[in-house]
Amino acid sequence: MKKKDILTLLKNQIKSIMHTDYGETYAEAERDDLHEVVTEITAMAGGTLLSIAAADERKLPESECFKIYYAFRVAADSASSNEKKEVLVIVIRVFDDDPIFPSITGICVAANWYEREIFDMFGLYPEHHLDMRRLCHHKHFPTDVFPLRKDFAASSELFPSSDITEARKVQGIGPYELPVGPIHAGIIEPGHFRFSCYGEHIINLDAQLFYTHRGIEKMCEGLDHFKANFLAERICGVCSMAHSVAYSNAVEKIAGTSVPVRARTIRVILLELERMIGHITDIMGIAVDVAFYAASSFAAKLREDLMNEVYEVIRSRYFHSVNMPGGLRRDISDAGVKKLSEMARRVCRDLDILEDLLYSSTSFLERVETTGRLFTETVMEIGVVGIGARASNVKCDARKAFGYEIYDNLDFSEITHATQDVAARMAVRLGEIRQSAKIIEQALSQLKSGPVSSVIGKLPPYKPAFGIVEAPKGEHAHFLMFDDSNRIQRYRVRSASYANWLALTFAIKGNIVPDFPVINKSFNLCYSSCDR
Amino acid sequence: MISILKNILHTGNVTERSSGPENIFTGDQSPLVSMDQEKCGKCGQHECVKSCPAGAIELNKAGVSVLSKKCIECRVCEDICPVGAVEFLKYGAGAAIIKMEAEKLENEVRKNFGGSFHVRQLDLGSCNGCEHEMVSAGNPFFDLSRFGIDFVASPRHADCILITGPVTWNLREALLRTLEATPKPRVVAAMGVCAISGAPFDRNYANYGGAEKLVPVDVYIPGCPPHPYALIQGMLSVMRELRKKK
C-alpha cells in the first residue's frame, strides 16, 4: 500500500499533517490511537519500522510536551515497484503530568529496544511492555535521572557504584550459565554476555550492552551543524563515512540545500570504498575465528592495499574529515579518484583468489555452513537490516529503497542469499564487494568537474528530518532537529547494529559455544555505534 | 592444500622493512602539524583557536601551537588559516625524519624482555577505530609480532595495558579490576586522543574524558586513530618507560 493510500486509510486517526517534504510525511496522531495506527501501517499496509525517536519539547511554546516520532518505511507514492520507499512518521504527544505512552512492542517487535531506551533516557514509561529491565543504564545509574531531558545538564556528576544487571536464567538439572565479558580475550569491544547452555549447546543468550555509552547524542545538543559532524564521524570508527553522510543528508534536507553533483558522486565512491574495506575486514574476521590463517592473511593484505591507497589520496585511513554538511570539505583530484578506482578494480580481481581459498577448504565450509541460521520470519519480525536481512533472503537496501546521493542513476543489483547461515552472510559480502567495484567504475565515468560544496544557510527551527544511508553493516538512520538559533535540538542515531542486536540472540540458539565468535562476526555488530 | 600453498608463494613477502618514519612524541606540539611561526599571527584574529572542534589549539607567546594530546587531525585549522601557516604532514614525518630501522625495536624486545613483550588491549568506549588499527598493526604489512610484541587475552600475562576510548562510566569498574589483575612492573599506555584527553568528546554524565582522570598513564600514543606506524613507535616508548620502572 502506498503512502497516500495509508494516509487516506488513517484519516480518522490523524489529527494533522505537520509537514510533507523531502519524501517524509510527519502526521500527528492521538496517543490513545497509536495501537490502531501502528497495526494499520505494519500489518495491513506492509510498513516496516525505521526508527523511534523521542524529543523533549517542553520548552517550546507550541508543544510544551514530549513528542515521540515513530518512523516507518512505506512504499513511495511515485514509484511503480514496491522497492522504492518513503518515510512516514507518526508523532504523538506525551505530557509531563502523565508520562506514559502505549507500548507497541506487542504488535511490532522491532520497537522493543527503542521503547526501553525512551524510558531510560526520557523517563517516559511504555505501558504494557513485557521486558522493562534497563537497557542503556547499568545498575549504578540513579533511577530518577533521565539524561536526554533538557533540564538535565550534560556535565552533571553522578556517583557510580558497581554491579551487573540481572540476566535471564535457564533453570533445571543440567543447564549452566557461562558469563563472558565485558573485557574479552581478543582485540574487540566490550559487552557482557550470559550464555545459558546445556552441554555444548546454547539455549539462550542475554547480552548486557551500552558499556561504551559516551553520551554523544547529549553532547551534540547545542552544537552547530559543522562541529557535530566530527562527533558523527566518530560514532563508529569503521563506518564513519556512512555516519557522516547520513548526518549530512539530514542537515541538507532540513536546510533545503542541493549538494553539487561532483560532491555526491565522490561521496558514493568513498561510501563504496568504505563498504569494500568493511566487508573484507568481516571476511577476514570470519576466517580468523575459524583459524583459517592463510585466507585471513590474504584478506588482510587486500584490506591494507585499499586502506593505504585511501590514505595516500585523502590522508585518512578511516574517511575522517572528507565529508561535511553541504558537500565535501575538500575536492579530490580526478587523478586521485582514478587511483582509488583502479585499486578497487585490482582488489576486486584479487577477490577471486580469496574466494577460491575459502571455498576450496572443506574444513572451513564445514564450520560456516548451517551455522547460525537466522530465519526469514525472524528477520521480518524483529526488523533486521543490512547483511543479516539479505543473507536471509529479505530485500533491505537503503541504496535501492531511498536512492540518496546518485544511487538512482547507477546500475547495480541487490545481492540476496537463501541459506540464512554464516556462509550466506559471507557470500552476500563477496557479492557486494564486486557490486561496489562496479558502482565505483560507473560513478567515475559520471564524474564531472564543478564545485564540491554549497553553503548551509539558516536552518528552519524544529523541523525534523531523517538521514538514511546504507553502511557496510546495514542501514543507519539519523534523526535530526535544529532549534531557533541554528543549533542541534535533538539528534538520535539509530545504527544498523542497534537494529540487528536481537538477531544475534536468535541466530545463536541451538549452536555450540565455540561457534559464537564466528556467528557474532558474521553479523559484524558494532558496540560503539549501538551504544553511542 | 596445494592451492593454498601456491597462493602463499605467489603473494610472497609483503612486510614493510622499516617501522616507519620516527615521530617524537615527547613535546606537546603535535608531530603531525608543521607550523610556520613566521607567518602565524599575521592574521591577528586567531580564527583557528575558536574553530577547532577539539579545542586543541592553544594561544601562547610564540604564536599558536596544536596540542598533540587533543588534535583529532580534522585539518580545520589548515583550511581556515588565512596566511597558510599550518600544514598537516603525512605520518607526522617532519623535516627531520629519523628513519628508524626495524632492528632497533626488535633488539629492544630481545634484550630487555627476553624476546616477548605482551600487550593487553582495553576498550573503554572507543569508536573501534583504534582497535582496527591494532589489528592492522598485526597484518602482513606492519607485522607487529615480528618484533616479539603480542596482544594477549589475559591482563595477568601483560606487560602493558593499552587503553582506548574516553573511559565511560559503565566501564570504570572493568578498568580498575583489569589494572588490579596486571602484574607490576607494568606500563599503562593511552592510544588515541580520546583516551589521552577525551577530545573531541566532552566529559559528561557518561564518560570521564580521558583515562588520566581515573588512573595514572605513562605513555601517550596520539592520533585519531594513530597510524599503525605510530602504534609501532608508541610501543618503543612503552618499552623505554618499562625499562625505567624495572
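The expected span of a helix is 1.5 Å times one less than its number of residues. Helices (H or I, at least four residues) and strands (E, at least two) are DSSP runs numbered from the N terminus. The model is predicted: local features need pLDDT of at least 70, side-chain atom pairs count only at pLDDT 80 or more, and totals for chains, interfaces and linings use all residues. Residues are numbered from 1 along each chain as its sequence is written, and chains are lettered from A and ligands numbered from 1 in the order in which they are written.

**View 1. Helix α8 of chain B, residues 228–245.** The 18 residues of α8(B) should span 26 Å at 1.5 Å a residue, and the end C-alpha atoms are 26 Å apart, which agrees. Among the buried residues of α8(B) are B:Tyr229, B:Leu231, B:Ile232, B:Met235, B:Leu236 and B:Leu242. A residue is buried if 20 or more other C-beta atoms lie within 10 Å of its own, exposed if 12 or fewer, and partly exposed in between, with C-beta atoms placed from the backbone.

**View 2. The side of chain B that touches chain A.** In this interface 48 residues of chain B are in contact with 46 residues of chain A; contact requires C-beta atoms, placed from the backbone, within 7 Å. On chain B, α1 (2–11), β7 (117–123), α5 (129–137) and α6 (172–181) each supply at least two residues. The largest share, 6 residues, comes from α5(B). By class, this side of chain B has 23 nonpolar, 17 polar and 8 charged residues. Ala, Val, Leu, Ile, Met, Phe, Trp, Tyr, Cys and Pro count as nonpolar, Asp, Glu, Lys and Arg as charged, and the others, Gly among them, as polar.

**View 3. Helix α5 of chain A, residues 225–233.** Of the 9 residues in α5(A), 7 are buried, including A:His225, A:Asn229, A:Phe230 and A:Glu233. The buried residues pack against α4 (216–220), α6 (240–255), β11 (323–324) and β15 (488–494) of chain A.

**View 4. Packing of α6(A) on α7(A), residues 261–289.** The two helices pack at an angle of about 145°, with their axes 9 Å apart. Axes are lines fitted to C-alpha atoms, for helices over the stretch in contact, and angles run from 0 to 180 degrees between N-to-C directions. A:Met241, A:Ala242 and A:Val245 of α6(A) meet A:Arg267, A:Leu270, A:Leu271 and A:Glu274 of α7(A). This contact has 5 nonpolar, no polar and 2 charged residues.

**View 5. The open sheet β8-β9-β10 of chain A.** The 3 strands are paired antiparallel; strands pair if DSSP finds at least two bridges between them. The edge strands, β8 (176–180) and β10 (201–208), each pair on one side only. The twist averages 20° from one strand to the next. Between β8(A) and β9(A) (192–198) there are 5 bridges, and A:Glu177 stands opposite A:Ser196 in β9(A).

View 6. Antiparallel pairing with β13(A) (465–471) comprises 7 bridges, and a hairpin of 2 residues joins β13(A) to β14(A). A:Val469 stands opposite A:His476 in β14(A). β14(A) also pairs antiparallel with β15(A), over 6 bridges, and A:His478 has A:Val493 of β15(A) as its bridge partner. The hairpin of β14(A) and β15(A) has 5 residues between the strands, and A:Asn486 in the turn has a positive phi of about 65°.

Technical notes
Two residues are in contact if their C-beta atoms, placed from the backbone, lie within 7 Å.
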